[in-house]
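The following exercises concern one protein chain and are each followed by a worked solution. Please inspect the sequence and the coordinates before reading on.

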Amino acid sequence: MTDMKRVTIFDTTLRDGEQAPGCSMTLEEKIMVAQQLERLGVDVIEAGFPIASPGDFESVREVCKAVRGPVVAGLARCVKADIDRAGEAIAGAARGRIHVFLATSPIHREHKLKMSRGKVLARAVEGVKTALAYTEDVEFSAEDAARTEPDFLSEVVEAVIEAGATTVNVPDTVGYAVPEQYAEMVAALMRDVPNVDKAVISVHCHNDLGMAVANSLAAVRAGARQVECTINGLGERAGNCALEEVVMALRTRADVYGVETGISTAQIMNASRLVSTVTGVRVPPNKAVVGRNAFAHEAGIHQDGILKETTTYEIMRPEDVGLERNKLVMGKHSGRHAFRERLEELGIHLDDERLDRAFAQFKVLADKKKDIYDEDIEALVREEVEAAPETFKLVSFHVTSGVNVTPTATVTVEVAGEGMKTDAAIGDGPIDAVCRAVDRITGIPCQLEDYNIRAITVGKDAMGEVSLEIRSNGRRERGRAAKTDIVEASVVAYVSAVNQLYQWISAGRPKGEKPHGM
Ligand code: KIV
Ligand code: ZN
């Protein structure tokens, strides 16, 4: 039943990616990402872990309604309550999958599960059978397979296939594997499991030693026909196998791997940027395939070669991954309609209210900055997508700083239900002073835990994007803003983070917290 030429791309950005610290997404953001994954052409979208929280359940259910092409999977432990919840969540999918998992390695059996081999085997089979009551498409994952005894792994794989699993995943849960060994593990399954042709063998690699992509590729050579991966390599700890890297490696080196995927690679940049926008996790400039420098040629000799013949230094064409560098998109005469269309092309959908606010910001920017690029628009939208209700709204600020003067800031904030409030403070520098003045107004003293600034595009008039993290009462929140004035960007980002914090304080519960860990 396995098509030996085609590798299934199983994206788990919305599950393994989203469960990483600082990567949580709202329902609206998950739907946007799922729709972009559909445009990208992924075969399976793992949309969440329905038993983990009502929010996870809801997002799996809504993703099932929002995409009709890809299979939508819900994760479940081999526990009836989990499987029932996953079954309920995927009920509305055009094609739904239940993905059950149970650890098989001796370390997990002994210390975590306290179960014998026999019990693990029986529970795995029972999990698959329970899931089959909801769908014919059942995936079983032998958690920590890479550290499981080969004979036991073969036994489990054979038993779950016999029970009806159509995909069997053998994850390197802790990122411990190296390519030769991981490939050998898959090759042994292909060789030793008598019914292996009745299911797709899948791999899911974590990146703790930086080998997630290499391990996944080695497994494909050994016969694996599903790769689990995430956009930008998000995921637990050091992350997962990066979709863009594994897909481009399979395509660029088809001579070595001899397989294909259904991915529309020209959608890769949009997917990468969208995921970065909604999670706030920035892509490092040197990141393979999607980093800012991935197609930048700096050395004179390289530039000379590229001008003569691009293949001298380029193994992939930027357009193959959907990169149109610094594309000038809009200017001050562009209208709301064109602005919305450009956002849609970037995979970003805003409701009318948010669109109006982002468009108003765009007009302000267009008055200050002549050339507006996709990156500028994405930065503006990031603020809108992340924005919590504005309990505190910055109205104005004034700051003095210089050599041999005490940095001083005066800030006016509109406080919901209380009107305008103005206060002043001094600080170590202008940013410290404005943040202290804001604290005096809000009455929520916060520590600035992290502060980063970067130019969004080139040129002296480029916007500076400030991304910061504050902490108060043990709670951390992030804020981000992009402005041509970097002090303004700092105070807007700070107020945005305080608004998030206020939401959490007034709700009396941690945002996105999941009652069940894994
Ligand atoms: O890393 C892992 O083992 C997982 C499983 C649930 C597939 O994420
Ligand atoms: Zn994982």
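**Exercise 1.** How many of the ten residues of helix H10 (residues 243-252) are buried?

*Solution.* This is a predicted model, in which local features need pLDDT of at least 70, side-chain atom pairs count only at pLDDT 80 or more, totals for chains, interfaces and linings use all residues, and side-chain values use heavy atoms, without hydrogens and water. Residues are numbered from 1 along each chain as its sequence is written, while chains are lettered from A and ligands numbered from 1 in the order in which they are written.

Step 1. Buried means under 20% relative accessible area, exposed over 50%, and partly exposed in between (1.4 Å probe, protein chains only).

Step 2. Apply the cut-off: the buried residues of H10 are Leu243, Glu244, Val246, Val247, Met248, Ala249 and Leu250. Seven of the ten residues are therefore buried, and H10 is largely enclosed by the rest of the structure.

Step 3. Identify the cover by contact (heavy atoms within 4.5 Å). The elements over the buried residues of H10 include strand S1 (8-11), helix H2 (27-40), H9, strand S8 (226-229), helix H11 (254-257) and helix H12 (268-279).

**Exercise 2.** Determine which residues are the protein donors of the zinc ion (ligand 2).

*Solution.* Step 1. Donors are N, O and S atoms within 2.8 Å of the metal (3.2 Å for Na, K and Ca); water is not among the atoms, so sites may look incomplete.

Step 1. Asp16 (OD), His204 (NE2) and His206 (NE2) meet this criterion, lying 2.0 to 2.1 Å from the zinc ion. Asp16 belongs to helix H1 (residues 13-17) and His206 to the loop between strand S7 (200-204) and helix H9 (212-221), so this pair ties together parts that are 190 residues apart in sequence.

Step 2. Written as a pattern, the donor spacing is D-x187-H-x1-H. Both Asp16 and His206 are buried.

**Exercise 3.** Locate Asn232 and Val289, and describe their backbone phi angles.

*Solution.* Step 1. Most residues other than glycine have a negative phi.

Step 1. Asn232, not a glycine, has a positive phi of about 60 degrees. Asn232 sits in the loop between S8 and H10 and is buried, with a relative accessible area of 12%.

Step 2. Val289, also not a glycine, has a positive phi of about 70 degrees. Val289 is placed in the loop between H12 and helix H13 (300-308) and counts as buried at 7% relative accessibility.

**Exercise 4.** Describe the surroundings of Ile441.

*Solution.* Step 1. Ile441 is part of helix H17 (residues 430-442), and is buried with a relative accessible area of 8%.

Step 1. Apart from neighbours within four places in sequence, the contacts of Ile441 are Val411, Val413, Val415, Lys421, Thr422 and Asp423.

Step 2. Tyr134 is 307 residues from Ile441 in sequence and 54 Å from it in space, C-alpha to C-alpha.

**Exercise 5.** Characterise the chain as a whole.

*Solution.* Step 1. The chain contains 18 helices and 16 strands. Its radius of gyration (over C-alpha atoms) is 25 Å, close to the 24 Å that the globule rule (2.2 Å times the number of residues to the power 0.38) gives for 518 residues, so the chain is as compact as a globular protein of that length.

Step 1. The C-alpha trace spans about 75 × 60 × 45 Å along its principal axes, and 54% of the 518 residues count as buried.

Step 2. Among contacts with a separation of 6 or more, 67% involve residues 24 or more positions apart.

Methods
Helix = DSSP H or I, 4+ residues; strand = E, 2+ residues; numbered from the N terminus.
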